[in-house]
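This report walks through one protein model. It starts with the overall layout and then turns to rings, cores and surface.

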Amino acid sequence: MLLRLTPRPSIEALLHAFIPQPDIDHTHADTILALTNTSRARQICRRVFEDELLFIPYIKPGFLLAKSAAEAYQKNQDSKGAILEKHGLLTWANSSKESYTRMIEMVSLAESYIHKKARGKKPLG
């Protein structure tokens with residue numbers, strides 16, 4: 001008998017599974033983390049993304065984060081995605097192309113905000 005070991009699923013698999021959208025993209029882009037890893041993450045993200053993204057306060061990745069994101073989604077199903085404090089960005093849509101386009105749009109908004117605040121300095125090293 002051949003015993004086959006398979007890799008464990010990502011701890012974030014539930015996070016994706018609990019959002020009832022056909023396509024979900026997830027990134028830990030430096031520009032997003034530059035906004036979320038601050039003491040004023042919620043205020044900054046609200047200024048940058050307005051009401052387009054949900055804001056999920058920091059919860060260690062796993063079941064509780066997935067549950068919190070799903071509950072936030074149920075309250076605002078028109079959102080384009082979610083900011084995960086000190087973690088990253090989710091975008092979702094009915095197609096891969098639309099979700100990916102939203103991802104690029106949101107990362108670009110973060111980048112523009114950072115460059116504007118940098119006032120000519122090199123903001124990300």
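## Layout

Helices (H or I, at least four residues) and strands (E, at least two) are DSSP runs, numbered from the N terminus. The model is predicted: local features need pLDDT of at least 70, side-chain atom pairs count only at pLDDT 80 or more, and totals for chains, interfaces and linings use all residues. Residues are numbered from 1 along each chain as its sequence is written, and side-chain values use heavy atoms, with hydrogens and water left out.

The protein has five helices and four strands. Along the sequence they follow the pattern α-β-α-α-β-α-β-β-α. The C-alpha trace spans about 65 × 35 × 30 Å along its principal axes.

Contact means heavy atoms within 4.5 Å. Take the contacts between residues at least 6 apart in sequence: 68% of them join residues at least 24 apart.

## Buried and exposed

Buried means under 20% relative accessible area, exposed over 50%, and partly exposed in between (1.4 Å probe, protein chains only). Of the 125 residues, 41% count as buried.

Accessible areas come from the Shrake-Rupley method with a 1.4 Å probe; for residues, only the protein chains shown count as cover. The protein exposes about 8100 Å². Carbon and sulfur atoms supply 54% of that area.

## Aromatic pairs

A pair of aromatic rings is described by the distance of the centres and the angle of the planes. Rings of Phe, Tyr and Trp (its six-membered ring) pair if their centres lie within 6.5 Å; planes under 30 degrees apart count as stacked, over 60 as edge-to-face and the rest as tilted. This rule gives two aromatic pairs. F18 is partly exposed because its relative accessibility is 31%. F63 is partly exposed too, with a relative accessible area of 47%.

Y73 and W92 are also edge-to-face, 5.4 Å centre to centre with 85 degrees between the planes. Y73 lies in helix α4 and W92 in strand β4 (residues 88–93), 19 residues apart. Both Y73 and W92 are buried.

## Cores

A nonpolar core is a set of buried Ala, Val, Leu, Ile, Met, Phe, Trp, Tyr and Cys residues joined through side-chain atoms within 4.5 Å. Which residues touch the most other members of the largest core? Of its 18 residues, they are I32, L35, F49, I83 and L89. At least two core residues come from each of α2 (30–36), α3 (41–49), β2 and α5 (96–118). Helix α5 gives the most, with six.

A second, separate core has 14 residues, including L54, A72, L90 and W92.

## F55 and E85

F55 sits in strand β2 (residues 53–56). F55 counts as buried because its relative accessibility is 12%. Beyond four places in sequence, F55 touches A41, R42, C45, I83 and E85.

E85 lies in the loop between β3 (81–84) and β4. At 17% relative accessibility, E85 counts as buried. Leaving aside neighbours within four places, the contacts of E85 include T36, A41 and F55.

## An exposed residue

L64 is found in helix α4. L64 counts as exposed because its relative accessibility is 57%.
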